[in-house]
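Subject: Handing over a structure

Dear colleague,

Please find below the structure I said I would pass on to you. My notes on what was found in it follow directly after.

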Amino acid sequence: MELTRGELAVLIVLALNVLVSVCCLIWNRMRGTEQYWVRFWIMMLCPAGGAVFYFLSWLLYKATSGMEIDLRDVVFGKERVKTQLKADENRERNILPLEEAVLVDDSKNQRLAMMNVIKGDTSESLAAISLALHAKDSETVHYAASALSSVLNEFRITVSKMLGELEEEAPEETGAEEALLNYMDKVLHQQVFSDLEQNRFVHLMEHAAEKLYQKNASRLTPEQYESICLRLLEVGDTDLCGKWCGRLTEQYPEQLPAYTCRLKLQFTLRQREAFFKTMDELKKSKIRINSETLEIIRVFSHGRVS
């Protein structure tokens, strides 16, 4: 029986649909795409329509994931990424799988871990998220870039607002300065900005600390002193770092940060005699040395302090 032109066209479409469906099945299986059998049967049972649907979905994904996100301020260098020593256990359960997934190039687990991280408070997970920017999976990179861009933009806006409140504050009030110091260090200690912007924000933080010191130095805690010293040291401002180390030592001479901040500064400046003098003072003091400080002393002592 001779086929009509319409019937022949239908058979050709069905044959092409089977061929495309089988090719997509093989491709998705090789890539490890989830539910590849479901996609295969949808394409088989919906000739042409199924293939068109997935093709349009792919085009939409490429269009949105390829959107340019302003991340010129984000540091992409792996050498700048470090996991924080102090973190709550729930957050670490998400951060560590993300880091491991990136290192082993596991696309499926990268996406899952990335989604778990951004579901929570991302402000303390920026270092881990920035590591995901190096993932080969484009979807993971897009999630990471979007999360970082959102948090950093929010940080800029909030800092600007808090600086305005600081300038309008009464001479005897210190609340704005204290809040600004704690808020800024929460992000700046993760070092995810470019060098230029990190430097600018660190000096804005130091400006707020100076105003607080002039108003009421007793309101500055050893932890705030330490964060100021370390942020200044990280951006290479050793002069200001030395000034704050001196203030910290003067106000809290029997606190551990008074020694560790000086040790780090002296090591950076290669002040050998001052370094070992401070270390001896710490050993003779009644201050309880934690494991982190012992590691600092061990590493620095074996470093080239000249």
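This is a predicted model: local features need pLDDT of at least 70, side-chain atom pairs count only at pLDDT 80 or more; totals for chains, interfaces and linings use all residues.

H9 and helix H11, the latter spanning residues 238-251, pack at an angle of about 35°, and their axes are 13 Å apart. On the H9 side the residues that take part are His-203, Glu-206, Ala-209, Glu-210, Tyr-213 and Gln-214, and they meet Leu-240, Lys-243, Trp-244, Arg-247 and Gln-251 of H11. Sorted by class, this contact of H9 with H11 is made up of four nonpolar, three polar and four charged residues.

The setting for this pair is a protein chain that has 14 helices and zero strands, so that, by the definition of these elements, the list of them holds helices and no strands. Of the 306 residues in the protein chain, 40% count as buried. Among the contacts with a separation of 6 or more, 64% come from residues 24 or more positions apart. The accessible surface of the protein chain comes to about 18000 Å², and carbon and sulfur atoms hold 57% of that surface.

Two packed helices are described by the angle between their axes and the distance between the axes, and I give both values for each pair. Helix H8 (residues 175-188) and helix H9 (residues 195-216) pack at an angle of about 155°, with 9 Å between their axes. Because angles over 145 degrees count as roughly antiparallel, H8 is roughly antiparallel to H9. The crossing of these two helices, H8 and H9, is left-handed. From H8, the residues Glu-177, Glu-178, Leu-180, Leu-181, Met-184, Asp-185 and Leu-188 meet a set in H9 that includes Gln-198, Phe-201, Val-202, Leu-204, Met-205 and Ala-208. The residues of the contact of H8 with H9 divide into eleven nonpolar, one polar and five charged.

For the next pair, the axes of H9 and helix H10 (residues 222-234) come within 10 Å and cross at roughly 145°, and here too the crossing in which H9 passes H10 is left-handed. In H9 the residues concerned are Gln-198, Val-202, His-203, Met-205, Glu-206, Ala-209 and Tyr-213, which meet Tyr-225, Ser-227, Ile-228, Arg-231, Leu-232 and Glu-234 in H10. This contact of H9 with H10 divides into seven nonpolar, three polar and three charged residues.

Some single residues in this part of the model may also interest you. Glu-177, which has its place in helix H8, counts as buried, since its relative accessibility is 0%. If its neighbours within four places in sequence are left aside, Glu-177 is in contact with Leu-166, Glu-169, Ala-208, Lys-211, Leu-212 and Lys-215. In the loop between H8 and H9 we find Phe-193, which is buried with a relative accessible area of 0%. Phe-193 and Leu-152 are 41 residues apart along the chain, while their C-alpha atoms are separated by 8.3 Å.

Gln-191, although it is not a glycine, has a positive phi of about 55°; Gln-191 is found in the loop between H8 and H9 and, at 13% relative accessibility, counts as buried. Arg-270 is a further residue other than glycine with a positive phi, in this case near 60°. Arg-270 lies in the loop between helix H12 (256-268) and helix H13 (272-284), and at 38% relative accessibility it counts as partly exposed.

Finally, a word on a residue in another helix: Trp-41 lies in helix H2, which covers residues 36-45, and with a relative accessibility of 48% Trp-41 counts as partly exposed. Trp-41 and Ser-21 are 20 residues apart in sequence, and 8.1 Å apart in space from C-alpha to C-alpha.

Methods. Residues are numbered from 1 along each chain as its sequence is written. Side-chain values use heavy atoms; hydrogens and water are left out. Axes are lines fitted to C-alpha atoms, for helices over the stretch in contact, and angles run from 0 to 180 degrees between N-to-C directions. Helices (H or I, at least four residues) and strands (E, at least two) are DSSP runs, numbered from the N terminus. Angles under 35 degrees count as roughly parallel, over 145 as roughly antiparallel, 65 to 115 as roughly perpendicular and the rest as oblique. A crossing is left-handed if the near helix is turned anticlockwise from the far one by less than a right angle, and right-handed if clockwise. Contact means heavy atoms within 4.5 Å. Ala, Val, Leu, Ile, Met, Phe, Trp, Tyr, Cys and Pro count as nonpolar, Asp, Glu, Lys and Arg as charged, and the others, Gly among them, as polar. Buried means under 20% relative accessible area, exposed over 50%, partly exposed in between (1.4 Å probe, protein chains only). Accessible areas come from the Shrake-Rupley method with a 1.4 Å probe; for residues, only the protein chains shown count as cover.
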